[in-house]
Protein chains: 2
Amino acid sequence: MNDIFVVFGVSGCGKSTIGKQLADHLGIAFYDADDFHPTENVEKMSRGIALDDNDRKGWLEVLSLSLAKWQKAGGAVLACSALKEKYRQKLSSRVRNPHWIFLKGSYELIENRLNERSGHYMGSRLLRSQFDDLEEPAYGLVIDIEKSPKQITEQIISRIKMDNKSVFGVYGLGVMGASLSLNIADKGYELSVFNRAEREEKEVVSDFLRENVRYSNLHGFTDLSDFVESIARPRQILLMIKAGKVVDIVMEQLLPLLSEGDVIIDGGNSHFIDTQRRSEYVGAHGIGFIGAGVSGGEEGARKGPSIMPGGNKEDYMKVAPVLEAIAARDASGNSCCSYVGPDGSGHFIKMVHNGIEYVEMQLLAELYALLRLEKSNEEIARIFEAWNEGGLSSYLLGITVKILKKKEGDHYLLDRVLDRAGNKGTGSWSSKVALDLGVPNGMMTEAVFARYISSFKERREYLASTLSETEVKRATLDVEILKNAYEFARLVNHQQGFQLMAQASSEFNWDLDFQSIARIWSNGCIIKSELMNELKAYFAKNDDLFMIQTIREALAKGEVSVVELLREGLNRRVSLPCFSSAYQFWIDSTTRNLPANLIQAQRDFFGAHTYQRTDDPEGESHHSNWN
Amino acid sequence: MNDIFVVFGVSGCGKSTIGKQLADHLGIAFYDADDFHPTENVEKMSRGIALDDNDRKGWLEVLSLSLAKWQKAGGAVLACSALKEKYRQKLSSRVRNPHWIFLKGSYELIENRLNERSGHYMGSRLLRSQFDDLEEPAYGLVIDIEKSPKQITEQIISRIKMDNKSVFGVYGLGVMGASLSLNIADKGYELSVFNRAEREEKEVVSDFLRENVRYSNLHGFTDLSDFVESIARPRQILLMIKAGKVVDIVMEQLLPLLSEGDVIIDGGNSHFIDTQRRSEYVGAHGIGFIGAGVSGGEEGARKGPSIMPGGNKEDYMKVAPVLEAIAARDASGNSCCSYVGPDGSGHFIKMVHNGIEYVEMQLLAELYALLRLEKSNEEIARIFEAWNEGGLSSYLLGITVKILKKKEGDHYLLDRVLDRAGNKGTGSWSSKVALDLGVPNGMMTEAVFARYISSFKERREYLASTLSETEVKRATLDVEILKNAYEFARLVNHQQGFQLMAQASSEFNWDLDFQSIARIWSNGCIIKSELMNELKAYFAKNDDLFMIQTIREALAKGEVSVVELLREGLNRRVSLPCFSSAYQFWIDSTTRNLPANLIQAQRDFFGAHTYQRTDDPEGESHHSNWN
């Protein structure tokens with residue numbers, strides 16, 4: 001059975017041009033539906049009179065019969081307005097699985113194009129009626145016509161399901177896998193999805209297809225070999241499975257089924273060291289491997305996540321159209337998916353993303369700990385809300401406002417949430433890598449430890465009960481100080497995160513582009529914020545934020561407020577580990593002489609580890625008998 | 001050639017009893033030299049007249065001839081006073097490699113024993129002249145006679161070089177290996193030492209033997225097979241080599257040369273995970289594996305380190321006599337080497353030891369950073385010296401006093417040491433394990449990060465130069481506050497360290513004995529201190545120090561001082577990461593309601609991670625729509 005393509009849309013959308021190019025590329029015949037109009041229809045249109053459904057009846061019948069003939073004869077591309085659903089139903093009545101390609105553009109864009117165009121028998125005054133008639137389909141490929149005809153044609157070719165095969169495959173229909181699949185299907189790609197049908201997962205695929213029956217471009221599989229066979233080569237297969245050993249097991253199952261040049265994308269939270277290993281292993285089999293961090297939770301995955309792909313650049317180019325299409329958009333409308341760097345770099349920066357997220361959450365928790373001593377949840381929410389409307393706006397601050405306001409009956413729901421913060425282990429990865437790479441990373445580590453200590457709930461309660469109540473000195477908190485300290489600590493947090501990436505970049509020869517990273521984190525992900533947008537600009541100047549004078553001035557100014565905040569913590573017996581750590585990092589980073597000379601002297605005393613001298617800082621190692 | 005043993009010492013030292021038991025054990029003949037005196041000598045002695053060298057001449061000649069005869073006949077044990085070197089030379093003149101076993105005791109001890117003894121022909125009044133004559137040998141086995149005859153005999157058996165073979169082997173003559181070898185040789189063991197003779201290590205063994213020629217019980221090898229062959233079975237071989245892959249390589253070389261039941265001891269700073277793996281691997285070959293942490297630096301290794309052996313108990317029992325003999329002694333005179341637990345537990349606690357050490361050093365550095373703003377090194381030394389004479393005494397505080405006082409010409413040497421503190425990577429292990437095990441461990445981690453940040457010296461100097469000088473509010477520091485805060489922080493440090501071990505003990509089923517660990521850390525190691533001695537007693541009550549009321553009271557009292565100290569740090573722009581972390585840990589540990597409810601609500605908001613409820617703390621997980 002040969003392929004039939006119907007390129008459709010209002011007059012002026014470019015369907016003839018695109019249709020011809022597509023037919024040329026595919027080596028099949030091209031037809032323009034306008035050429036099949038009876039003479040009376042052509043005359044009517046040239047007089048500026050819109051056709052009615054009666055006028056179209058015979059014309060559609062002829063086209064329907066022709067399409068059936070062309071399908072038998074070797075396939076064809078038909079350019080046809082096909083504005084209404086019932087026209088399209090008529091057109092597809094005699095062919096099997098036609099590809100619908102809708103060229104979509106705004107009224108203004110098309111009007112401009114029509115005005116610039118000459119020699120066409122339909123004037124732009126008919127355009128309004130065409131837009132009135134247009135019923136946008138829920139199926140098929142929707143193509144934005146803003147780009148050049150060549151780009152549009154390439155886009156179509158990259159997405160159409162050739163030889164009855166899918167463009168893309170998703171392995172694993174968990175929450176994230178299912179959401180990403182619908183996101184991909186929304187973009188019009190023919191998509192194969194796979195989930196194993198074992199035990200409690202027996203009905204996963206069939207349930208998913210049933211719940212999303214409106215997507216005719218979704219194809220479900222429970223047999224791995226069928227799944228792989230259903231995808232056009234070079235295959236693009238996104239694994240959305242639990243990070244860890246399972247990824248290796250699934251890769252072993254996939255490898256014998258794949259062909260050279262196919263690309264596996266690991267979209268889970270894999271450790272970058274595993275990704276480095278897998279890249280190499282899979283590469284030796286001629287298969288590409290992209291380790292892609294995906295942030296945004298279920299909602300992000302469905303509507304547009306931030307995607308951080310790492311691997312070989314050529315492998316990435318194969319999967320870029322789909323990944324970049326489904327990602328969120330930045331403030332300039334560009335995709336929040338962009339090539340990060342070689343091997344494990346994508347998963348590395350996703351790991352750092354999560355570390356920054358841990359700190360952002362802990363900073364808000366520490367502010368809340370102080371504020372709740374004297375303010376209601378509603379009052380705290382209003383303070384945060386005001387901040388969120390200014391330069392401090394962020395996704396996490398936004399949801400915190402909602403959380404503080406949320407009620408359950410007469411009570412604030414937050415007050416009923418147990419103070420035991422969980423973690424999935426991955427939060428500690430950044431800290432461990434920082435420890436390995438020799439990069440100070442106190443804030444992330446303190447944020448992780450703060451969650452750990454929260455888990456010892458019974459012990460805390462017992463110990464609290466053994467202490468006599470301490471008297472708390474309470475002057476009312478100055479909210480402006482809190483705000484300044486929060487700004488200060490967030491800057492330091494981002495600096496620590498980017499400093500960690502800088503060290504990794506140099507260690508692993510990744511050549512990371514921090515401006516690009518800040519950009520793809522500016523939307524779609526959990527740590528998206530106004531600050532991230534600002535950092536995007538700063539990284540044009542310097543990879544090290546502390547080297548930028550405006551940043552330094554902001555920090556020097558904020559220092560006063562952090563000191564005040566820490567004093568308030570001490571006054572109130574409230575522990576502020578992340579604010580303290582931010583302060584210490586700033587102080588230590590800007591202190592000419594640290595007391596580390598004593599430590600080095602101690603090391604030399606008991607272990608003969610030697611020391612350098614202030615009068616010869618880059619010079620030889622010295623050892624003294626200190627006794 | 002059969003073995004000849006001469007058990008010697010003053011009258012009353014027990015040489016006949018011990019000699020008989022030894023002969024029985026070895027299945028060879030026993031002779032008492034007294035039985036070979038001519039009648040005139042016996043009469044002289046019974047009249048209380050001391051023998052002179054002329055009296056002894058014929059007697060020694062007879063013994064010398066007899067020893068030669070006995071060596072041919074199957075070996076023998078001779079009990080003989082042999083007080084002077086020239087008598088011993090005479091005795092050994094006709095035999096090859098006799099074993100000299102000196103039973104050593106104080107005058108008082110032996111006098112008491114003689115007074116209690118009856119039926120012996122020599123009265124205690126001769127004892128003084130015997131002690132006058134005694135020339136202690138620099139060779140042979142020196143055995144303390146305080147223990148019971150049975151214990152003494154066992155000790156001898158464990159140490160004698162049977163069939164011309166060594167009791168123990170040391171692989172690797174680096175600083176630590178050489179020091180431990182001399183320590184073992186000092187205890188009289190026949191010892192084989194090995195070092196490869198490659199490149200710059202060509203002369204290591206020969207140099208070592210030449211420098212220590214007075215030890216006739218040291219036997220050097222550069223051929224691995226000869227080295228292994230030189231050790232009596234079951235062999236005990238201590239590896240003193242760089243931790244890492246080298247250990248695996250050396251083990252692979254050793255395995256084919258070893259026999260079932262032999263025991264390898266890894267005395268390096270290996271990671272406990274490697275030790276777990278190696279235990280299992282070597283065990284499968286029928287070879288025992290002991291991972292032994294060794295602390296004390298070069299001096300400790302030479303004079304008595306703290307040793308932390310982990311592995312199978314039966315394997316440990318084989319190596320216990322040597323390891324326990326060479327370790328430091330605790331306040332009660334017991335060895336600071338004691339079985340820790342299975343597989344990697346010995347190296348684990350050594351790792352935690354080093355973590356505690358990092359913090360103890362950093363705390364002193366932070367105090368120094370504050371104090372040096374207003375006091376001279378000499379004044380600071382005097383403050384620390386006073387502390388070190390009280391309950392705060394510790395090895396690290398002691399060396400800090402010396403370091404502060406050390407002068408180079410007119411200048412304090414410390415002032416010339418560059419403030420860039422190094423680390424060997426192992427300092428970060430405790431932090432990483434704590435992150436893995438879910439145990440808060442802020443102090444160790446901050447101490448590691450403080451060293452890291454010190455290494456960015458040029459960057460710090462540059463950044464410092466860009467800031468305007470901040471005005472420092474200086475009231476004179478209250479030294480009492482510093483002292484109390486230091487006590488507080490040290491308690492928290494030890495709690496964090498022991499809490500980490502407690503978690504590991506339960507995770508890996510090690511059944512660690514914290515009282516025993518505190519005991520073996522009470523001497524010989526870098527973190528030995530008066531506090532460690534006190535903890536020994538506390539751990540009899542509870543493994544969790546915070547559960548002990550006196551500890552809690554001390555911390556609650558200290559809290560006030562730490563708060564003051566942290567304020568002084570804020571006033572002076574001095575970063576105090578370890579003191580801050582100690583404070584935060586104490587506060588968080590004793591806070592009924594942490595702000596972690598907000599974090600858990602955020603997690604539930606964006607990731608549907610669910611939460612528990614305050615009205616049902618051990619109950620089900622809940623999820624809410626927070627929008």
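How many residues does the contact take from chain A, and how many from chain B? Hi everyone, let's look at that together. Please keep in mind that this is a predicted model. Chain A gives 119 residues to the contact, and chain B gives 118 residues.

Now, how do we put a size on that? The size of an interface is often given as the accessible area lost when the parts come together. Here, the area buried between chain A and chain B is about 11100 Å². Carbon and sulfur atoms give 61% of that area. On the chain A side, A:Leu435, A:Leu570 and A:Phe606 lose the most area to chain B. Together they make up 7% of what that side buries.

Let's turn to charges and polar groups. Eight salt bridges are found across the interface of chain A and chain B. For an example, find B:Arg459 and A:Asp544 on your screen: their side chains meet in a salt bridge, at 2.8 Å from N to O. As for the classes of residue, the side of chain A that touches chain B has 52 nonpolar, 35 polar and 32 charged residues.

Finally, let's zoom in on one residue, B:Thr591. Its place is the loop between α25 (577-589) and α26 (596-607) of chain B. Is B:Thr591 buried or exposed? Its relative accessible area is 17%, so B:Thr591 counts as buried, the cut-off being under 20%. Setting aside neighbours within four places in sequence, B:Thr591 is in contact with A:Arg460, A:Ala464 and A:Arg573.

Definitions and conventions. Residues are numbered from 1 along each chain as its sequence is written. Chains are lettered from A and ligands numbered from 1 in the order in which they are written. This is a predicted model: local features need pLDDT of at least 70, side-chain atom pairs count only at pLDDT 80 or more; totals for chains, interfaces and linings use all residues. Side-chain values use heavy atoms; hydrogens and water are left out. Contact means heavy atoms within 4.5 Å. Buried area is the accessible area (1.4 Å probe) that two parts lose on being put together, summed over both. A salt bridge is a side-chain nitrogen of Lys or Arg within 4 Å of a carboxyl oxygen of Asp or Glu. Ala, Val, Leu, Ile, Met, Phe, Trp, Tyr, Cys and Pro count as nonpolar, Asp, Glu, Lys and Arg as charged, and the others, Gly among them, as polar. Helices (H or I, at least four residues) and strands (E, at least two) are DSSP runs, numbered from the N terminus. Buried means under 20% relative accessible area, exposed over 50%, partly exposed in between (1.4 Å probe, protein chains only).
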